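Biologist: I have a fold open on my screen and I'd like to learn how to read it. Could you walk me through it?

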Amino acid sequence: MQVRWSEAHQVAVLDPQGDLGIRTMVELKNAVGSLLRDGCRTVIVDCSGVQRLEAMSLGVLVERLCRARELSGTLALAGLSGDLETRLRELRVHSLFQIFESVPAALEGLVGADSTTVASLAA
């Protein structure tokens, strides 16, 4: 999983790939925890490379969202496929997250990042 972080904007983009199973979610949980400890307040999970999301893994995302909110931050999702968005609705958690069509849209909507920052974090 790649992590791109802009300290100046206190924003990070994580891009897990494949199935979000227990192994990937432990990695994601640890990465988000470290980012939050380092001062990151906006975490964007780029789901464009995610094919499947287990319900148990979704619990980890919700827990990390709650932790970010405790620190006056947020965890948003970007690039969800139709199947993943349907899964979030089935599990009744879609309204908890800010969901964006793409990482650039999330960066612009959440931190008002300039085009240079958007290009570097969305790459």
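This is a predicted model: local features need pLDDT of at least 70, side-chain atom pairs count only at pLDDT 80 or more; totals for chains, interfaces and linings use all residues.

Biologist: Fine. Which residues have the most contacts inside the largest nonpolar core?

Modeller: The general idea is that in soluble globular proteins, nonpolar side chains tend to be buried together. Here the largest nonpolar core has 28 residues, and those with the most contacts inside it are Leu-14, Leu-61, Leu-75, Leu-77 and Phe-97. At least two residues of this core come from each of β2 (11-15), α1 (22-37), β4 (42-46), β5 (50-53), α2 (55-70), β6 (74-78) and α3 (82-90). Another core, of 10 residues, lies apart from it, and Val-11, Val-13, Leu-107 and Leu-121 are among its members.

Biologist: What does Leu-14 touch, if I skip residues up to four places away in sequence?

Modeller: Its partners include Met-1, Gln-2 and Val-3, then Leu-28, Ala-31, Val-32 and Leu-35, and also Val-43, Ile-44, Val-45 and Asp-46.

Biologist: Now Val-50: is it buried or exposed?

Modeller: Val-50 counts as buried because its relative accessibility is 5%, and under 20% is what we call buried. Val-50 sits in strand β5. Leaving aside neighbours within four places in sequence, Val-50 is in contact with Pro-16, Gly-18, Leu-20 and Leu-84. Arg-89 is 39 residues from Val-50 in sequence, and the two C-alpha atoms are 17 Å apart.

Biologist: On to helices. Which residues of α2 are buried?

Modeller: An α-helix has 3.6 residues a turn, so residues three or four places apart point the same way. In α2 the buried ones are Ser-57, Leu-58, Val-60, Leu-61, Val-62, Arg-64, Leu-65 and Ala-68. Their cover includes β3 (18-20), α1, β4, β5, β6 and α3.

Biologist: How far does α2 reach from its first C-alpha to its last?

Modeller: α2 reaches 23 Å with its 16 residues, close to the 22 Å expected at 1.5 Å a residue. After α2 comes Ser-72, which has a positive phi, near 60 degrees.

Biologist: Arg-64 was in your buried list. What does it form a salt bridge with?

Modeller: Its partner is Glu-63, and their closest N and O atoms are 2.7 Å apart. Arg-64 counts as buried because its relative accessible area is 10%, whereas Glu-63, at 31%, is partly exposed.

Biologist: How many salt bridges does the structure hold?

Modeller: There are 7. Take Arg-87 and Glu-90, with 3.9 Å between their closest N and O atoms. Both lie in helix α3, 3 residues apart, about one turn of the helix. Arg-87 is partly exposed at 28% relative accessibility, and Glu-90 is partly exposed at 49%.

Biologist: Which residues are linked in a network of salt bridges?

Modeller: Asp-19, Arg-52 and Glu-54 are.

Biologist: Last stop, the surface. Which residues form a nonpolar patch there?

Modeller: Met-1, Val-3 and Trp-5 do, with about 230 Å² of accessible area together. Val-3 belongs to strand β1 (residues 2-6). With a relative accessible area of 39%, Val-3 is partly exposed. Val-3 is also one of the residues that Leu-14 touches.

Terms used: Residues are numbered from 1 along each chain as its sequence is written. Side-chain values use heavy atoms; hydrogens and water are left out. Patches are made of residues with over 30% relative accessible area and no salt bridge: like charges are joined within 9 Å, nonpolar side chains (Val, Leu, Ile, Met, Phe, Trp, Tyr) within 5 Å. Accessible areas come from the Shrake-Rupley method with a 1.4 Å probe; for residues, only the protein chains shown count as cover. A salt bridge is a side-chain nitrogen of Lys or Arg within 4 Å of a carboxyl oxygen of Asp or Glu. Helices (H or I, at least four residues) and strands (E, at least two) are DSSP runs, numbered from the N terminus. Buried means under 20% relative accessible area, exposed over 50%, partly exposed in between (1.4 Å probe, protein chains only). A nonpolar core is a set of buried Ala, Val, Leu, Ile, Met, Phe, Trp, Tyr and Cys residues joined through side-chain atoms within 4.5 Å. Contact means heavy atoms within 4.5 Å. The expected span of a helix is 1.5 Å times one less than its number of residues.
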